[in-house]
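Reader: Could you take me through this structure in questions and answers, with the cut-offs given for each term you use?

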Amino acid sequence: MSTNRFQVPVTVLTGFLGSGKTTLLNRILTENHGKRIAVIENEFGEIGVDNDLVIASEEEIFEMNNGCICCSVRGDLIRILGNLMKRRDKFDHIMIETTGMADPGPVVQTFFMDDEMNEAFRVDGVVTLVDAKHVLLHIDDGDEVKEQIAFADVILLNKIDLVSSEELDQLEARIHSMNVAAKVHRTRDAVVDMDRVLDIGGFDLDRALEDDPQFTEQYRVDHPHDQAISSVGIKTPGDLDLDKFDEWLKELLANQGPDIFRMKGVLSFSDTKERYVFQGVHMLFDGRMDRQWREGERANSLVFIGRNLDRKALNEGFNACLT
Amino acid sequence: MLDVDDSMIVRGLLIESWYVAFDDYIIDLAWAPDATKIAAVTVEGSVFLIDDLGESARFKLIGQHDGGANSVSWRCDGAEFATSGHDGLTKVWDGTSGEGLCSLEAGDAWVSKSIYSPRRHVLATAAGRQLKLWNERREVFYESLEHSSTIADVGWNPKGPGVAVAANNGVTLHLSDSSTHPRKFKWRGSSLVLEWSPDSRFLVTGDQDATVHFWYRESGKDAQMRGFPGKVLALSWDSTGRWLATGAGEIFLLWDCGGEGPAGRQPRQYAGHANKVNYLAFQPVGHWLATADAGGFLFLWDPSDHDKVIGGVMLSSPASCLRWCGDNRLAVGQQDGKVVVFEVGSGSGD
């Protein structure tokens, strides 16, 4: 997973049917932000603005022979973006709108697994729209809505004018229990500042945890359904043994990779002056040494967002890696 | 302009002859069978015919595919050539005048490839998941069922009947006869490029999951080459069908497919490029190999003899396609819109 300034940022827009994706896309395209944006839609809609490009695409998932779902990529995106890369008129930003039923995993993985895509593009973030009025009607129907929430860097809780503030609080708490690292914004008609959805650096190691989303807080909410998808945050002082940590993480991802949607963190290794920052999607892992620790700052903080996470086992496993 | 370090080139057998410059990425080009013309298409959809080859080469813009073009192919008699585009069309052009002859509705999606049979006046078009075969009267006489994904590549059997299609889940060989079921060469992976060995013995694909897959056409037996650093897009067979060249990051590999086949044999490795090798093309008769990398270097190798470059240049921008015309001329399409023709030193390496 390389990073260079020539990589075009990609925003993945997910959300159930009717949650407001098209409204948000229209807003992004008409807003005066000075960017040339290419939109890859799951089907031709009514949007399309001068100077921008809207391309329809039918979801085509390429699974790999090894059977690992973490290696699946979107063939349609590789084809379309591969062609865009060759054009004179470069785009400043790519928006990918997924269908309401789409798994964001293969979309994100495409930019990590495919060498050409990895070189030319970087995922800026996954933005998920949630229909505040109707989400509870279908959140338990299948995995899609929960996975879209779990994958998100930013969640727009949309249509807030249609529900009471108590209902909103409950809903937000429930979302938070599933994905504690995502930033939640409440919106009406998908009205939101552009800098909250574009250039958010959701996969940027430098910005991985700078806003400290308080992910170690324990949320108590009465929604036993969501135990299936949850966040486990770990924050602990002390230094890690590199070898032990490496072994633990490898084993964890080998066994539970498909269930871990996102993870990120900042770690303190013994005998190193620098912070180690990492993030990952399923089994794909990206990490490196970062700037030096400042006085009194040294600590480990990391978060896992996934399905059937065992908070106790994760904490114990991690703590066993401390020197 | 940078120059190639002379110390790694043992013979300067690659000599620029002439070029023409367009202002758009050359996505495909093809020599007319009589070697008097080149047809080229660009990523934005322009179709060019290059005439009067040599230093006074002239070119004309003869048409356009709305949205972009993907491929170009000449009919074996040189009377016409076909281009495919994002507009769902395959356009057929007069091989002499460049006049548009007709537009064939190949499908609703991008036409990824239109390619004439090497021996007959039959045109194969691939649009989305469907393959169509067209006769000389511009009628569809064969239409495939939908493949499991958008068709990634199409290749006519060089020595026998049928046309092979690569897509997700392997290769399908269509025998252009509606009463015969297509033959499936299954593989749970996504094939991106397809190359027949010139003797039709092997069908080989470069795959998304960093592998090369190959099938013995007759038996359907298959095997896989692993360990590539990324998806494999560069493949080329030498004229004998014994050697298969595959790109593998900054090096390329040569697999010995003679006798029992490549299984269990280590490939030969060739280092020299400092950037990813994007294109490989063996001479059609001889056994020299042209290679082009992402940094703009073009090399000529005599891989069966030794592992040194026998010709090399730095292009004004990276190559986007390599097309031989006989063994002595090599046309290179470039990302900056140039089409450059190189003369290759006499003989074919013997």
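Author: Two strands pair if DSSP finds at least two bridges between them, and strands (E, at least two residues) and helices (H or I, at least four) are DSSP runs, numbered from the N terminus. This is a predicted model, in which local features need pLDDT of at least 70 and side-chain atom pairs count only at pLDDT 80 or more, while totals for chains, interfaces and linings use all residues. Residues are numbered from 1 along each chain as its sequence is written, and chains are lettered from A and ligands numbered from 1 in the order in which they are written.

Reader: In which order do the 4 strands of the open sheet with β10 of chain B stand?

Author: The pairing in this open sheet is antiparallel, and β10(B) joins strand β11 (residues 123–127) of chain B over 5 bridges. Within that pair, B:Lys113 stands opposite B:Ala126. The order of the strands in chain B is β10-β11-β12-β13.

Reader: Which strands of that sheet are left without a neighbour on one side, and why?

Author: Strands of a sheet pair through backbone hydrogen bonds, either parallel or antiparallel. Here two strands stand at the edges with a single partner strand each, so one side of each has no neighbour in the sheet; they are β10 (111–116) and β13 (140–143) of chain B.

Reader: By how many degrees are neighbouring strands of this sheet turned against each other on average?

Author: The angles are taken between axes, which are lines fitted to C-alpha atoms (for helices over the stretch in contact), and run from 0 to 180 degrees between N-to-C directions. With direction ignored, the average for neighbouring strands of this sheet is 20°.

Reader: Which residue in the turn between β17(B) and β18(B) has a positive phi?

Author: Strand β17 (residues 202–207) of chain B runs antiparallel to β18(B), joined by 5 bridges, and B:Thr205 stands opposite B:His213. The two strands form a hairpin with 4 residues between them, and the residue with a positive phi, of about 60°, is B:Ala210.

Reader: And which residue takes a positive phi in the hairpin of β18(B) and β19(B)?

Author: Strand β19 (residues 222–225) of chain B is joined to β18(B) by 4 bridges in the antiparallel sense, and B:Val212 has B:Met225 as its bridge partner. This hairpin has 5 residues between the strands, and the positive phi, near 80°, belongs to B:Gly220.

Reader: Is B:Ala166 buried or exposed?

Author: A residue is buried if 20 or more other C-beta atoms lie within 10 Å of its own, exposed if 12 or fewer, and partly exposed in between, with C-beta atoms placed from the backbone. B:Ala166 lies in strand β15 (residues 163–174) of chain B, and its C-alpha atom is separated by 5.6 Å from that of B:Ala152, 14 residues away along the chain. Because 30 other C-beta atoms are within 10 Å, B:Ala166 is buried.

Reader: How many residues of helix α6 of chain A are buried?

Author: Chain A has 9 helices and 14 strands, and 41% of its 323 residues are buried. Helix α6 (residues 144–151) is mostly covered, and its buried residues include A:Glu144, A:Lys146 and A:Phe151. The number buried in α6(A) is 8 of 8.

Reader: Which helix of chain A gives the largest share of the side that touches chain B?

Author: Residues are in contact if their C-beta atoms, placed from the backbone, lie within 7 Å, and the contact takes 14 residues from chain A and 16 residues from chain B. The largest share of the chain A side, 3 residues, comes from helix α2 (residues 75–85) of chain A.

Notes. Two residues are in contact if their C-beta atoms, placed from the backbone, lie within 7 Å.
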